[in-house]
Amino acid sequence: MSAAHNVYVPEGTFGVLDAGEIPVQTADWSNGLALPMSHGALIVTGIRTGEIRATATSLTGPPPVHADDVWEEIVEVSVQAPTGSLRVESLEHGPVDGLAPLSPTGPGWYRLRVHMRGRNIHPDKTSPEPIEDYLVTTWPAPQAGADSIRMKHDLAHTANAPQPQPPAPSQSKEQETLRRRLLRG
């Protein structure tokens with residue numbers, strides 16, 4: 001397992017993203033912690049802005065579920081990695097150096113298990129020091145439904161949780177080149 005690294009969190013989320021893409025309109029908010037998208041996933045934190053500690057590891061198969069109470073919440077979802085470049089990323093600063101890549105077998109489906117603790121310490125506030133810990137683990141696996149292994153806080157059923165939207169239509173190579181050029185300025 002890799003060592004924990006700080007991840008900057010803007011707007012209460014960080015990502016397990018494939019090549020940095022964030023198709024947020026496709027996010028499934030049903031469990032309130034790990035939000036799978038058409039590819040990759042968003043992880044919802046308790047703090048609004050600040051640093052969290054994350055550890056990331058990829059395995060060849062599913063790990064055992066931690067039986068102790070060290071982790072307050074544990075959720076599994078399926079994530080797709082069309083380019084095979086899954087990484088833990090700050091939505092503002094990009095991939096976190098030092099954290100392991102999460103799609104070692106290349107493009108395809110992976111199971112993502114997120115362990116969390118500390119999310120209820122400063123909900124929706126700023127924290128200058130990391131007070132939340134996340135363990136992010138992946139392994140190759142076929143697509144399957146979400147599994148809430150342990151949940152202490154029911155954020156999944158808020159009345160105003162957005163519903164997933166269908167993925168945006170694919171762009172032609174020319175459109176994608178133009179989009180990237182415009183984003184660079």
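Biologist: What makes F14 and Y134 buried or exposed?

Modeller: This is a predicted model. Buried means under 20% relative accessible area. F14 is buried, and Y134 is too.

Biologist: How many aromatic pairs are there?

Modeller: The count is 1 aromatic pair. Centres must lie within 6.5 Å. The ring centres of F14 and Y134 are 5.3 Å apart.

Biologist: What does the pair tie together?

Modeller: F14 is in strand β2 and Y134 is in strand β11, so parts 120 residues apart in sequence are tied together.

Biologist: Why does R117 count as sitting over the ring of W71?

Modeller: The distance cut-off is 6 Å from the ring centre, and the charge must also be within 35 degrees of the ring normal. The charged end of R117 is 4.2 Å from the centre of the W71 ring, and it sits over that ring.

Biologist: Why is α1 called hardly covered?

Modeller: Among its 12 residues, the count of buried ones is 0.

Biologist: Where is confidence lowest and where is it highest among the helices and strands?

Modeller: Helix α1 is lowest, at a mean of 74, and strand β4 is highest, at 98. Over residues 154-161, pLDDT stays under 50. Where pLDDT is low, the predicted coordinates should not be read in detail.

How values were computed. Residues numbered from 1 in each chain as written. Predicted model: local features only at pLDDT ≥ 70, side-chain atom pairs only at ≥ 80, totals over all residues. Heavy atoms only, no water. pLDDT = per-residue confidence, 0-100. Helix = DSSP H or I, 4+ residues; strand = E, 2+ residues; numbered from the N terminus. Contact = heavy atoms within 4.5 Å. Buried < 20%, exposed > 50% of the residue type's maximum accessible area, 1.4 Å probe, protein only. Phe/Tyr/Trp six-rings, centres within 6.5 Å; stacked < 30°, edge-to-face > 60°.
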